[in-house]
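This report describes selected helices, helix pairs and single residues of one structure. The sequence and the model come first, and the description follows.

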Amino acid sequence: MAELITLTIDGQEVSVPRGTTILEAAKKIGKLVPHYCYHPGMSSPAMCRLCLVEVEGAPKSMPSCVTTVMEDQVVHTDSQQAVGNREGVLEFYLVNHPLDCPICDMSGECDLQDYVHAEGRAHGRSEEPKRVFGRDDFGGDVLFYGDRCVMCTRCVRFMNEVEQDQRLTVVERGNRSVIDTFFEEGLEGTHWHGNIVDICPVGALVSKEFLYKARAWDLEHTPSICPSCSQGCNIELHTRDNLIQRIKPRENLEVNGWWMCDYGRHNQEWMNRGIRLSDPLVQTQDGVAEPMRWRDALDQLLQHLGVIGKVGVKALATPFASNEDLGALAELVGALGGGKMVYRSACSEEEIVLRGFPTLARRKDLAPNTSGAELIGFTRVGDDEAAGGLEDIAAHDGIVIIMGDELSDQAEDFGRDAQLFLYLGDQQSPAASNAHFVFPLTNFAEQEGSFTNIAGRVQRFSPALEPPGMARPGWFILGALLAELNNRDAPLNAAESFSGLASRIEAFAGLTYQDIGDRGAVLNETLVLSET
Amino acid sequence: MAYPYVSNAEVRVISQYFGDPTHRRIDTYVKRGGYKALEKALALEPDAVTEEVKASGLRGRGGAGFPTGIKWSFMPKEPTRPHYLLCNADESEPGTFKDRELMRWDPHQLIEGCLIGAYAIRAQHVYIYCRGEFFEVNQILAKAVEDAYMKGYAGEDILGTGTTIDITVHQGAGAYICGEETGLMSSLEGDRGEPRVKPPFPAAVGVFGMPSTINNVETLAVVPHIILNGGEWYRQWGTEKSPGTKLFCVSGHVRKPGNYELPLGFPLIDLIDDVCGGIRDGNQLKAVIPGGSSVPLINAEDARKCELDYEGCVEVGTMLGCASVIVMDHKADLVKQIRRMVDFYAHESCGQCTPCREGSAWTARILRRIEEGQGTEEDLDTLMEMTEQMVGTTICVLSDSVAAPVQSSISKFREDYLELIRSGEQAGAA
């Protein structure tokens with residue numbers, strides 16, 4: 001523990017470790033000193049000059065982003081000197097800024113807009129014509145509007161220091177300075193460049209994919225976990241019209257810092273898919289799948305189970321399912337006399353490590369919850385394309401339960417010999433035509449739940465979209481079924497389902513939804529290691 | 001009569017051989033007593049060299065006037081990492097042409113000073129960062145360094161003393177901002193010439209992240225003379241706080257512009273009227289910029305009171321800077337001059353700090369508008385207010401350099417601006 005330094009900021013005493021900057025110390029007491037060039041994940045050139053604060057005894061205003069605290073220092077972030085400086089700097093920013101907020105993607109979440117509204121002059125004094133750069137395609141998903149740029153160089157520093165693939169630079173000098181790429185390919189072929197759009201404080205760097213899709217103030221933000229690999233980056237789903245419009249990283253220094261990869265960022269199409277299972281389907285005597293109410297479908301399933309008895313279960317789940325869903329399925333398999341539990345998961349050939357934040361990588365394992373599946377008792381089958389490995393399940397003559405896996409590589413006669421074939425999924429699958437029961441699941445973006453990432457960290461995600469029709473989470477459907485089988489109350493929410501899981505699986509023992517919170521909680525490490 | 005103009009008032013310590021092309025040759029330099037100071041210095045302890053320079057009271061000739069010996073003493077005494085001496089030869093301040101002459105006529109004097117300085121701060125490598133546009137100077141320096149190596153004054157085991165000091169001449173690429181000490185370091189490292197935030201100061205984290213000292217050409221050129229003759233000897237000229245002699249580069253509306261080496265404390269009006277032969281065509285003195293274009297200008301009245309040393313200039317509201325005296329007579333188009341200077345700074349701003357990047361270009365545009373008769377009196381208030389925002393708010397002082405001529409000219413010569421504004425209004429009305 002570093003030595004603590006006590007100083008006064010705006011009349012409030014605060015103690016922070018030696019070496020902390022004034023800007024970070026001010027955050028501790030809830031004061032945000034406006035800034036552009038500073039970003040906690042990168043070096044600070046102290047060049048935007050917006051974060052200058054008054055330090056008593058100092059001959060001039062100090063840049064709070066690089067000035068470290070000193071004992072008994074007295075800092076004013078709201079004094080005449082500090083506010084006057086910000087007003088001046090903001091006016092300078094607007095000398096050449098086009099003020100095209102009405103057509104700017106950043107409008108509504110723009111730091112220039114916010115700061116000028118808060119502390120800028122009501123009217124700019126510049127009458128001179130503005131400098132014009134126009135628009136440039138930086139490659140990848142990034143468009144550059146040079147006129148809006150505030151020259152904070154965060155993007156340049158991200159590529160140099162964090163991704164460590166030098167693709168951007170400042171060219172020219174003075175107010176002719178502009179961000180540019182070195183070669184024609186620009187950002188093409190880099191894996192983390194979406195982050196420069198996030199860290200751009202204004203609308204200079206925008207996402208091509210999101211361009212003109214939605215205004216910032218129309219978007220709902222839902223905290224979630226990226227489902228695109230086993231890293232478990234903390235993210236936000238930004239939704240409008242019941243569609244995910246974009247995915248943004250959510251700060252969590254333990255997992256992903258401030259960043260996420262481009263693969264995860266743009267892997268949202270499947271969450272918005274329109275054609276979905278929306279009713280429970282039960283196969284009638286003449287082989288027709290008949291839609292039913294949940295109550296009736298579950299009654300028929302219970303009846304069926306009573307008839308066939310304990311004939312051995314083979315269950316296939318997807319590692320895209322939550323801990324709760326997988327836990328409920330495992331409990332069901334147990335209640336039906338036990339059997340085989342497997343999952344299939346696609347893998348990429350290599351990890352893509354973010355060099356400047358090396359604990360973050362796009363992992364080989366492209367599913368969010370393989371660790372959870374393993375801990376709950378599922379074993380991996382199939383190849384790196386998440387195909388094959390199901391010969392024995394396809395021909396099983398007992399109970400076959402499929403949850404989430406779309407069986408896209410399987411033949412139409414899949415499960416023809418099964419005495420009971422239960423298919424739970426969010427999409428109809430041709431290989432599920434023999435299923436006696438087809439139950440509609442909510443997808444990841446429509447339900448609450450938790451994933452266990454590659455490091456054994458359990459993290460919660462929240463529903464961002466309305467599910468179609470009668471689609472329900474796996475834990476909810478299976479929980480209701482188990483309640484009937486075991487004659488007890490069904491879990492009412494994901495938290496209750498998780499407590500059930502924690503009481504059955506040792507690795508999760510003692511953990512509650514409250515403990516996990518919005519930052520996640522790491523499982524008992526020895527247990528995780530011994531399992532994997 | 002020699003080197004363009006000389007004056008009897010001069011005390012020629014470092015400019016003695018200006019105008020003598022044979023002096024560039026190492027043989028001539030050595031014959032005239034060159035490299036004796038190096039020999040003497042290498043026989044002393046490094047700290048003794050620093051003490052001698054401290055005793056002389058020599059102040060940095062690049063503009064800030066920081067005492068050189070004290071600057072050297074900031075360097076670590078027990079080097080654990082390489083130390084570097086940087087010679088700032090990126091002379092680019094409008095109106096300044098003293099370092100060019102020092103390097104052109106007496107390159108070995110500078111090289112000797114560099115070697116002594118490097119020895120004093122325990123550096124084994126000197127970089128002379130020479131302004132890119134000085135093609136001739138770069139060639140002269142390169143040749144002189146080569147000769148110094150050949151004769152054993154530079155490189156390994158200098159004069160058999162076991163001391164190793166290398167010298168590299170680096171030709172800049174033509175950016176004013178690379179004359180700012182940390183901008184020079186960034187440039188030398190191969191990056192854009194962008195000044196860095198201080199602290200850390202160069203003596204702790206300098207070029208290549210190592211302890212470094214950076215001195216102006218003129219400062220280092222004086223050093224051999226101080227070592228040879230002693231610090232006390234140097235104090236026979238100048239004032240108590242500003243000892244020694246200084247090169248004054250005089251340009252503008254005087255009869256005999258040029259470089260003159262004078263004792264510090266020399267009256268400005270004597271420099272103009274006597275040394276430089278007075279104002280051209282018998283015109284009246286209007287304004288003087290005594291220290292290069294980045295210091296405030298003064299009117300004739302203050303110029304008559306001004307004594308040319310670091311303190312004397314501050315007394316009349318300006319600075320000695322690098323002693324580049326720009327003289328304007330009553331026929332000078334002052335607004336145009338100021339606009340021209342601000343154009344220069346706007347062009348040379350590195351573009352990092354917002355007040356400088358945006359403010360300098362904005363200032364230039366307003367001045368251009370006023371010059372063209374499209375200005376208003378409110379523009380003057382705007383200029384005064386916004387340039388105030390450019391003082392002390394940036395990483396380096398380029399921004400302050402924009403503010404100084406603008407603010408001083410508006411406050412002292414407001415009538416010049418108003419005349420243009422009124423003539424524009426009349427033309428508009430007609």
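Helix α6(B) is mostly covered, with 14 of its 14 residues buried; buried means under 20% relative accessible area, exposed over 50% and partly exposed in between, for a 1.4 Å probe and protein chains only. This helix covers residues 107-120 of chain B, and its 14 residues reach 20 Å from the first C-alpha to the last, close to the 20 Å expected at 1.5 Å a residue. The expected span is 1.5 Å times one less than the number of residues in the helix. Just after α6(B), R122(B) takes a positive phi of about 65 degrees.

The model is predicted: local features need pLDDT of at least 70, side-chain atom pairs count only at pLDDT 80 or more, and totals for chains, interfaces and linings use all residues. Residues are numbered from 1 along each chain as its sequence is written, chains are lettered from A and ligands numbered from 1 in the order in which they are written, and side-chain values use heavy atoms, with hydrogens and water left out.

**Chain A as a whole**

Chain A has 14 helices and 26 strands. Helices (H or I, at least four residues) and strands (E, at least two) are DSSP runs, numbered from the N terminus. Of the 532 residues of chain A, 56% count as buried. Its C-alpha atoms fill a box of roughly 85 × 50 × 40 Å, taken along the principal axes. Among contacts in chain A with a separation of 6 or more, 62% come from residues 24 or more positions apart, where contact means heavy atoms within 4.5 Å.

**Helix pairs**

Axes are lines fitted to C-alpha atoms, for helices over the stretch in contact, and angles run from 0 to 180 degrees between N-to-C directions.

| Helix pair | Angle | Axis distance |
|---|---|---|
| α7(A) and α11(A) | roughly 50 degrees | within 11 Å |
| α5(B) and α7(B) | about 40 degrees | 8 Å |
| α14(B) and α18(B) | about 100 degrees | 9 Å |

Angles under 35 degrees count as roughly parallel, over 145 as roughly antiparallel, 65 to 115 as roughly perpendicular and the rest as oblique.

In chain A, the pair consists of α7 (residues 294-308) and α11 (residues 474-486). Given their angle, α7(A) and α11(A) are therefore oblique to each other. The crossing of α7(A) past α11(A) is right-handed; a crossing is left-handed if the near helix is turned anticlockwise from the far one by less than a right angle, and right-handed if clockwise. On the α7(A) side, the contact is made by W294(A), R295(A), L298(A), L301(A), L302(A) and L305(A), and on the α11(A) side by I477(A), A480(A), L481(A), E484(A) and L485(A). By class, these residues are 9 nonpolar, no polar and 2 charged. Ala, Val, Leu, Ile, Met, Phe, Trp, Tyr, Cys and Pro count as nonpolar, Asp, Glu, Lys and Arg as charged, and the others, Gly among them, as polar.

In chain B, α5 (residues 98-105) packs with α7 (residues 135-150). Their angle makes α5(B) oblique to α7(B). The crossing in this pair is left-handed. R100(B), M103(B) and R104(B) of α5(B) meet E136(B), V137(B), I140(B) and L141(B) of α7(B). The contact of α5(B) with α7(B) has 4 nonpolar, no polar and 3 charged residues.

The last pair in the table joins α14(B) to α18 (residues 414-429) of chain B. These two helices are therefore roughly perpendicular to each other. L334(B), V335(B) and I338(B) of α14(B) make the contact with D416(B), Y417(B) and L420(B) of α18(B). The contact divides into 5 nonpolar, no polar and 1 charged.

**Single residues**

Helix α14(B), residues 334-348, also holds F344(B). F344(B) is buried because its relative accessible area is 19%. Not counting residues up to four places away in sequence, F344(B) touches S92(B), P94(B) and Y176(B). F344(B) and A361(B) are 17 residues apart in sequence, and 9.6 Å apart from C-alpha to C-alpha.

E311(B) is found in helix α13 (residues 310-315) of chain B. With a relative accessible area of 25%, E311(B) is partly exposed. Leaving aside neighbours within four places in sequence, E311(B) is in contact with R59(B), T239(B), K241(B) and S242(B).

R148(A) lies in the loop between β7 (142-145) and α4 (154-162) of chain A. R148(A) is buried, with a relative accessible area of 2%. Beyond residues up to four places away in sequence, R148(A) touches several others, including H97(A), D100(A), D105(A) and V206(A).
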